[in-house]
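Student: Could you take me through one part of this protein slowly? I would like a close look at the disulfides and at what they connect.

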Amino acid sequence: MQAALEITARYCRNEMEQYGRCVAASPASWQRDCHRLRLSMSRCAAAHPIVQQIRQDCAEPFAAFEQCLKENQASVMNCSDHVNAFLLCADQVKLST
């Protein structure tokens with residue numbers, strides 16, 4: 001998760017700042033008012049090569065985590081082992097050079 005925030009902050013600074021300003025300006029309705037900016041920030045981060053590499057290299061632990069969430073909607077804390085496995089995988093991904 002830290003890596004995703006760092007990538008977003010580094011490569012999508014403009015999108016992140018616009019979203020942050022929108023959220024700060026609309027405390028009661030930011031989820032609706034800032035939706036377009038959130039999507040823009042997400043698209044920017046998703047386009048980064050390290051995120052694409054994580055999606056490829058960690059597809060299996062992520063799929064297991066998603067499946068756990070579907071099966072444990074009322075108690076998502078049951079999925080902590082799955083999320084930890086995904087995060088461990090993501091932290092080990094390096095871009096091929």
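Tutor: Please keep in mind that the model is predicted. A disulfide is a covalent bond between the sulfur atoms of two cysteines. In this model the count comes to four disulfides, and, with bonded cysteines counted along the chain, they follow the pattern 1-4, 2-3, 5-8, 6-7.

Let us begin with the disulfide that joins C22 to C34, where the distance from S to S is 2.0 Å. C22 lies in helix α2 and C34 in the loop between α3 and α4, so this pair ties together parts that are twelve residues apart in sequence. The torsion about the S-S bond of C22 and C34 is about -95 degrees, and therefore the disulfide is left-handed. Buried means under 20% relative accessible area, so C22 counts as buried at 14%, and C34 counts as buried at 1%.

Another disulfide joins C58 to C89, again with 2.0 Å from S to S. This pair links distant parts of the chain, since C58 sits in the loop between α5 and α6 while C89 belongs to helix α7, 31 residues apart. Its torsion is about -90 degrees, so this disulfide is left-handed. C58 is buried, with a relative accessible area of 1%, and C89 counts as buried at 18%.

A further disulfide joins C68 to C79, with 2.1 Å from S to S. C68 is in helix α6 and C79 in the loop between α6 and α7, eleven residues apart. Both C68 and C79 are buried, and the torsion of about -95 degrees makes their disulfide left-handed.

Conventions
Residues are numbered from 1 along each chain as its sequence is written. This is a predicted model: local features need pLDDT of at least 70, side-chain atom pairs count only at pLDDT 80 or more; totals for chains, interfaces and linings use all residues. Side-chain values use heavy atoms; hydrogens and water are left out. A disulfide is a pair of cysteine sulfur atoms within 2.5 Å. Helices (H or I, at least four residues) and strands (E, at least two) are DSSP runs, numbered from the N terminus. Buried means under 20% relative accessible area, exposed over 50%, partly exposed in between (1.4 Å probe, protein chains only).
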